[in-house]
Amino acid sequence: MRCGDFKENYIKDEEIFQSLFVKFWLGLFLAFLLIFPFIANPYALYVSNMIGFAVIAAVGLNLLTGFTGQISLGHAAFAGVGGYTAAVLITRFDFSFWLALPCAGVVAALAGLVIGIPSLRVKGLYLCIATLAAQFIFEFIFIHWESITHGVRGINVPPPRIGSFLLNTEKRFYFLTLFMVILAVGYARNLVRTRVGRAFVAIRDRDLAAEIIGINLFRYKLTSFAISSFYAGVAGALWVSFIRIVTPEHFPFHLSIQYLAMVIVGGLGSVLGSVFGAIFMTLVPEILNVLSGALVESFKLSSQVFIPLKEVVFGSLIVVFLIFEPLGLAEIWRRVKAFFLLWPFSY
Amino acid sequence: MKDHKEQEAYQLEVRDVHLSFGGLKALNGVSTGVKRGEIFSIIGPNGAGKTCLLNCINRFYRPEKGRIMFEGRDISRLKVHKIAALGVARTFQNVELFGHMTVLDNIRLGGHVHLKSGSIAGGIYFGKARNEEMAFRRHIEERIIDLLEIEQIRKKTVHTLPYGLQKRVELARALAMKPKILLLDEPATGMNLEETEDMARFILDINEEWGVTIVLIEHDMGVVMDISDRVCVLDFGQKIAEGKPREIRHNEQVIKAYLGEEDLAYSRLGA
């Protein structure tokens, strides 16, 4: 049990992982993540990859919505822009995946910049509607710009390769996803504790005071849009390379809502929260799937009634979570940690 | 073409500033100047236009007429966020802190214009960006937090703090802007006697140790008369007096504005 923080220099005091105890468990967790693909079945690995893409997109959206306070309902569209950019660059222009991935991010970031421009004038719900428009505009483009996107038929994307080694199985791709997730989360966590991240939060909390202390609102709102869309673009590019096809159906409006739900359930303004949120929102439907399937199977229940029931359960779970902990999973996690900090003593 | 020498002596000068909201004349041709290194107070009854004047200096409001000069440069057309970079910091009447952040982060935000690292360097947080943050943290800890005696709350979230401390944190944030001139809007409002005295002491310390020019709006006449070098009195958007505290205390127009005619005789007894 620790009884207080005693730091001898500022660098130690600013560390993200404050104690040896935390570092030890983090190391153990990382080791587990690395061993995991060798013990898990392909289905579990498929889900893990999906979680990874969701984490990247959700962390990105949290930078925009949770930290900067600009609600976006078009995040799936930015992921789509990234996915299509990667697909087109790889298939048409013979880009290697490794070059196409950052390009996908950059193009998505540019799209985000354009969509972010109204954010200087419109706030809150109004901005929400403006980004909603972006979602539908991009969806329209994906479907109807046939010469580039091949419309609803989509584009087949080859798997990434390192030399002659193809990342064509769930297991192989898992390591790429894991690497990108660590990169994405680490970058975001560092960003929010330095100058730019603080400016984001200042804009969210009090934009007028932020301006008085010298923060250029327009510039930082756009920066936030760009970084956030970059994340989405990278997530989209990874995703389409994983499933090896991109069609407009992969980036529908309800994916945007799902991303937003991840951020809210996880905890607005917490990087760790969006990791939790992404895991929760991806994993729980899969678990409910398995459960409801098993229930129908073993009790010979009508599948017509019980399979859709999982949506109801999922929805209620989210509502219950938000009622009991509006600050999201991150806050629950913080409370659990606080409890064990003193445990087994009451104070 | 007034006295040219005197104009140069002003660090901040307000020339014939007009501001109105609809039919209401909030500022009606106010001209005044603040000299480098002094503590300059603006007083006046409620609604006299004191905060409006600060808001104009900040470029929060754009004056309809008139000019605002800071160190020989007209700042009345600059963007709001540019003003901070020139070295004009301020605190607010109703505390304008970022409630969900820690005290330390709030103060750090004050240094926004003095830090360089962008979104890429910050995200990597290695080498330059990290050194910069650390050097700045040291500056905050050793110069600002130490001066304002808020060591014990540095990691607390701002909205959990009592009002008096929030005022102090806001002052700390303004100091982190490394200001040349500090605009304080009622820093001692809502404080008890002890806190008010602390605040007055901090203002004097900042003025003397850091050499920062102070523009102060305050209703607590004790504080104003004790620490100001010069006082300017506004009433209904117009300047009615300006001078040393002693002169202001006995200025009949000022007493009239504050107390009304019939109380004039009484207040003379009190003063």
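The model is predicted. Chain A touches chain B through 31 residues, and chain B answers with 39. Over all chains, the count of salt bridges comes to 24.

**The interface between chains A and B**

- The size of an interface is often given as the accessible area lost when the parts come together.
- Here, about 3200 Å² is buried between chain A and chain B. Carbon and sulfur atoms give 61% of that area.
- Three residues, A:Y10, A:R198 and A:I212, supply 25% of the area that chain A buries against chain B.
- Nine residue pairs are in polar contact between chain A and chain B, with both residues of each pair at pLDDT 80 or more.
- By type, the side of chain A that touches chain B has 16 nonpolar, six polar and nine charged residues.
- Two salt bridges cross the interface of chain A and chain B. One residue pair that bridges the chains is A:R206 with B:E96. Their closest N and O atoms are 2.9 Å apart.

**The nonpolar cores**

- In soluble globular proteins, nonpolar side chains tend to be buried together.
- The largest nonpolar core in this model has 133 residues. The members that touch the most other members are A:F138, A:I215, A:L238, B:L148, B:I150 and B:L182.
- Helix α3 (residues 42–67) of chain A gives this core its largest share, 13 residues.
- What does A:I215 touch, leaving aside residues up to four places away in sequence? Within chain A, A:I215 touches A:A199, A:A202, A:I203, A:A210 and A:Y220. In chain B, A:I215 touches B:H81, B:L109 and B:H112.
- A second, separate core holds 29 residues, including B:V14, B:I42, B:C52 and B:L78.

**Charged pairs within chain B**

- Side chains of opposite charge can pair when their charged atoms come close.
- B:R137 and B:E141 form a salt bridge, with their closest N and O atoms 2.9 Å apart. Both lie in helix α6 (residues 128–148) of chain B. They are four residues apart in that helix, so about one helical turn separates them.
- Are these two partners buried or exposed? B:R137 counts as buried because its relative accessibility is 2%. B:E141 also counts as buried, at 7% relative accessibility.
- B:D198 forms a salt bridge with B:R168, the closest N and O atoms being 3.7 Å apart. This pair links distant parts of the chain, 30 residues apart. B:D198 sits in helix α8 (residues 193–209) of chain B, and B:R168 in helix α7 (residues 163–176) of chain B. Both residues are buried.
- B:D198 also pairs with B:R201, with the closest N and O atoms 2.9 Å apart. B:R201 and B:D198 both lie in helix α8 of chain B, three residues apart, which is about one turn of the helix.
- B:R201 counts as partly exposed, at 35% relative accessibility. B:D198 has 17% relative accessibility, so B:D198 counts as buried.
- A network of salt bridges links B:E38, B:R230, B:K239 and B:E242.

Terms used:
Residues numbered from 1 in each chain as written. Chains lettered and ligands numbered in written order. Predicted model: local features only at pLDDT ≥ 70, side-chain atom pairs only at ≥ 80, totals over all residues. Heavy atoms only, no water. Contact = heavy atoms within 4.5 Å. Buried area = accessible area lost by both parts, 1.4 Å probe. Salt bridge = Lys/Arg side-chain N within 4 Å of Asp/Glu carboxyl O. Polar contact = N/O pair within 3.5 Å; in protein donor to acceptor, adjacent residues only side chain to side chain. Nonpolar A, V, L, I, M, F, W, Y, C, P; charged D, E, K, R; others polar. Core = buried A, V, L, I, M, F, W, Y, C linked by side-chain atoms within 4.5 Å. Buried < 20%, exposed > 50% of the residue type's maximum accessible area, 1.4 Å probe, protein only. Helix = DSSP H or I, 4+ residues; strand = E, 2+ residues; numbered from the N terminus.
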